[in-house]
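The following paragraphs lead through selected side-chain interactions of one protein model. Please keep the sequence and the coordinates at hand while reading.

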Amino acid sequence: MCGERTVPSHEYWMSQAIDCAKQAELIGEVPVGAIIVKENQIIGRGYNQVISQSDASAHAEIQAIKNTGKSLNNYRLVETTLYVTLEPCMMCVGAIVHARIKQVVFGAYDKKTGMAGTCENCFDKPYHNHQVETLGGVLEQECAQLLQNFFKTRRKAKKLNNAAVSHQLD
């Protein structure tokens with residue numbers, strides 16, 4: 001109809017988080033990206049920076065929460081949706097709950113540390129004073145492929161490096 005605004009889909013927003021993940025990859029970080037959306041606008045972005053910042057807490061979700069909190073001048077991010085390319089870990093779940101984010105939409109499931117339903121669902125604990133809605137598997141294939149390609153390339157480089165060192169020792 002004339003004058004109606006089209007609301008972007010979860011896939012659209014996840015593609016924006018994928019762009020952030022690619023920024024992480026460019027600097028040698030595990031390619032995980034996150035955005036925070038409110039009223040159909042991106043209000044924060046983040047990507048993994050654990051290695052470059054020498055900070056174990058510099059996950060994409062944490063970076064997006066910090067950036068958004070600073071720009072809003074508020075640590076509570078009510079009525080927001082966090083889009084992240086990989087299922088959040090336990091640390092990130094805690095930050096998400098404390099930030100009062102309404103919904104988390106993630107791409108790839110994390111079989112090792114996923115805390116939004118894969119290994120455990122830390123969001124559905126009755127003792128939390130804030131409940132977070134979750135939706136997983138949005139653009140799952142693209143998000144998983146980004147991670148698989150990164151680690152495949154990393155393993156290949158390590159193998160080549162080990163072979164070169166071994167050859168030098170001969």
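A salt bridge is taken here as a side-chain nitrogen of Lys or Arg within 4 Å of a carboxyl oxygen of Asp or Glu. The model is predicted, so local features need pLDDT of at least 70 and side-chain atom pairs count only at pLDDT 80 or more, whereas totals for chains, interfaces and linings use all residues. Residues are numbered from 1 along each chain as its sequence is written, and side-chain values use heavy atoms, with hydrogens and water left out.

Side chains of opposite charge can pair when their charged atoms come close. By the salt-bridge rule the count comes to two. In one of these, Glu-120 pairs with Lys-125, and the closest N and O atoms are 2.7 Å apart. For burial, relative accessible area is used: under 20% is buried, over 50% is exposed, and values in between are partly exposed (1.4 Å probe, protein chains only). Glu-120 is therefore partly exposed at 34%, while Lys-125, at 19%, is buried.

The other salt bridge joins the side chains of Lys-102 and Glu-79, with an N to O distance of 3.5 Å. Secondary-structure elements are DSSP runs numbered from the N terminus, helices being H or I with at least four residues and strands E with at least two. Lys-102 is partly exposed at 35% relative accessibility, and Glu-79 counts as exposed because its value is 52%.

The next topic is the aromatic residues. A pair of aromatic rings is described by the distance of the centres and the angle of the planes. Rings of Phe, Tyr and Trp (its six-membered ring) pair if their centres lie within 6.5 Å; planes under 30 degrees apart count as stacked, over 60 as edge-to-face and the rest as tilted. The count by this rule comes to four aromatic pairs. Among them is that of Trp-13 and Tyr-83, whose ring centres are 6.5 Å apart and whose planes stand at 35°, so the pair is tilted. This pair links distant parts of the chain, with Trp-13 in helix α1 and Tyr-83 in strand β3 (residues 81-86), 70 residues apart. Trp-13 is buried, with a relative accessible area of 4%, and Tyr-83 is likewise buried at 4%. A further pair is edge-to-face: Phe-106 and Tyr-109 are 5.1 Å apart centre to centre, with 85° between the planes. Ring pairs also link Tyr-12, Trp-13 and Tyr-83 into a cluster.

What surrounds Tyr-109, leaving aside residues up to four places away in sequence? With contact meaning heavy atoms within 4.5 Å, Tyr-109 touches Leu-86, Glu-87, Thr-118, Gly-136, Gly-137 and Glu-140. A polar atom of the Tyr-109 side chain lies 3.3 Å from the backbone oxygen of Gly-136. Tyr-109 is placed in the loop between β4 (103-108) and β5 (133-136). Tyr-109 and Glu-79 are 30 residues apart in sequence and 24 Å apart in space, C-alpha to C-alpha.

Finally, Gln-16 is located in helix α1 (residues 10-26). Gln-16 is buried because its relative accessible area is 17%. Apart from neighbours within four places in sequence, Gln-16 is in contact with Ile-35, Ile-42 and Arg-45.

Conventions. Polar contact = N/O pair within 3.5 Å; in protein donor to acceptor, adjacent residues only side chain to side chain.
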